[in-house]
Amino acid sequence: MSSIDSDLQRTIQLGEQLDPATQPLPPKRRFDTFRKLMVQKASLVGFVICAVFIVLAIFAPIIAPYDPIKIDPVVILQPPSSQHWLGTDELGRDVLSRLIFGARVSLLVSIVAVSIALVVGVVVGMVSGYFGGKVESIAMRCMDAFSAFPAILLALAILSVLGPGIRNAMIAIGVVYIPAFARIMRGSVLGVKQTEYVQAARAAGAGDLYIMRRSIFPNCVSPLIVHASLAFASAIIVEAALSFLGLGTQPPTPSWGAMLNEGRQFAIQNVWYSISAGVAIFLAVLGLNLLGDGLRDVLDPRFRSA
Amino acid sequence: MAPYILRRLIQMIPVLLLVLALVFVIFRMIPGDPAQLMLGANPDPEALDALRTKLGMNKPLPVQFFEWLQNALRGDLGTSRISDQPVAPLLAQKFLITLELAIAALFIGCLIGIPAGIISAVRRDSWTDFVTRIVGLVGFSIPNYWLGVLIVIVFSVRFGWLPPAGYVSPTEDLGKNLRYLILPAITMGLPIAAEQMRFLRASMLDVLQQDYMRTARAKGLGQSTIIIRHALKNAFIPFLTITGLQLGYLLGGSVVIEQIFSWPGLGWLTYQSITVRDYTVVQGAVLVGATVFLIANLLVDLGYIYLDPRIRPK
């Protein structure tokens, strides 16, 4: 690093210290946030539910009692028993094992979809908020156009073009959530770019990219984290809806949405088939909503009193 | 008021044009050739060429867009490949069916959500508040399609009280129409009630802490007058935002519920058209869904003006 660069670094660091409230969280404060989150009972319940689903998804091959795609014609549509705790489906596959492996699909789709939305949304929001003018006007009007579509309808339109499948479902869901992240990022950038430390960095000769990356972005992370946790919940619902319609995850890969759809046709023979898939979706969404609400309370002071 | 409405309508035009452009781009992104996709594998070359000419696909892309735009603005959204019917009247007919379901669902949502939200806020930290919040959180997290499946299992499969799926036009038999309407309307209405309850509770709590509420109490107004005349009217502004969005979603995005209950509205038509690759219909349905969503947002803005004189244009 040249001496000019190190001077710039020192000046920007000095500028950042002008407003300690907007600084990126140091490790100790990050731990404080986690501690505050865990003090709230609702957030703790949400965290535990999410942790259970993550463990199930990661260790599915070890935890699941049966192969989720192994067909067994001898035990078709069995009610719950000691061998099959949640019974079996129309092809004799163990419902519990399919449910556990389904957690993998839901988790994977929501992580990839939200990541797509987060990356694109952050870039669009950062560039439009930072540069303003025509760039902002064009970018935000495009986001308005995307927001004019109900989420499931836009996802369906994209999937009807790209074709059904898990990869395309991830892309479709990701595209749907871009405008929300872009708006949140732009809103944060508009506030942060007026702060003294950003002006100090600019005065010291820092480039736009450097300011955006080092001075602005770290101070816009909190609302993004809160929205991401709620977007995960929404992505799980949309993925399951697409799989329910047969446009998301394709058989024989286990998916909660597809199980829900298949199970409702055999509600008389094994009612737990459909109910258990719905309970899984509900619990995962509930856990993420509780965690999201808790994160909002901790990270956004406006919601602390509500 | 009229100039404000006009200004808002003018502001909607660029967004609507972008929506049109977006719909056009999405459906031109079909890998390969849409005409070939419509006709399936190994199509007859003459039929393929005829379909391309019919769809105007031999022309340059900008020309195709402006022709499509002109037709769309005139209300001509093309012809369905499957039924060979003009798409616009088909969508109008399906939209009315969806509108009936959306209004019924919103009615159920408001019927439960508004009183629950008010009671929960007024009796903050009581048992009523606790139970209402738990029920609200559960309702907010339940995917409505699962709720639909559960409702069908309980009320149709187990008890046989109501038909599990189907539709009868109200002009044909109003009684039967209502019997078919109840289950999908409840399925869509309950999560709406939960969301409304959460929003109304939060905004009521905010309003109840304001100084003018203390003044209203100090001058001896009754509890019901304070709640209805002072608190509710102010708390309704954020509530209106969420209700407008919900109406937009109900009208444009009730695909799964319409599918579960075989309710032949816009969402049902969209899904059926996707499965048979009738892209002209899908394109039209997506466009209608987005336009309705924009109009719902406009109505919300106009609602703000009615509720809050401070933002009324001078």
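Helix α13 of chain B is mostly covered in this predicted model, with 23 of its 29 residues buried, that is, under 20% relative accessible area with a 1.4 Å probe and protein chains only. This helix (helices being DSSP runs of H or I of at least four residues, numbered from the N terminus) comprises residues 279-307 and reaches 42 Å from its first C-alpha to its last, close to the 42 Å expected at 1.5 Å a residue, where the expectation is 1.5 Å times one less than the number of residues.

Between the chains, 42 residues of chain A are in contact with 44 residues of chain B, contact meaning heavy atoms within 4.5 Å. Chains A and B bury about 3700 Å² between them, 80% of it on carbon and sulfur atoms; this area is the accessible area (1.4 Å probe) lost on putting the two parts together, summed over both. The count of salt bridges between the chains is 1, and Arg198(B) forms a salt bridge with Asp293(A), with the closest N and O atoms 3.2 Å apart (the criterion being a side-chain nitrogen of Lys or Arg within 4 Å of a carboxyl oxygen of Asp or Glu). On the side of chain A that touches chain B, the largest share, 12 residues, comes from α13(A).

Within helix α13 of chain A (residues 271-299) lies Ser274(A), which is buried at a relative accessible area of 1%. Beyond its neighbours within four places in sequence, Ser274(A) is in contact with Leu260(A), Gly263(A), Arg264(A), Trp146(B) and Val149(B).

Residues are numbered from 1 along each chain as its sequence is written, and chains are lettered from A in the order in which they are written. Local features need pLDDT of at least 70 and side-chain atom pairs count only at pLDDT 80 or more, whereas totals for chains, interfaces and linings use all residues, and side-chain values use heavy atoms, with hydrogens and water left out.

Technical notes:
Helix = DSSP H or I, 4+ residues; strand = E, 2+ residues; numbered from the N terminus. Buried < 20%, exposed > 50% of the residue type's maximum accessible area, 1.4 Å probe, protein only.
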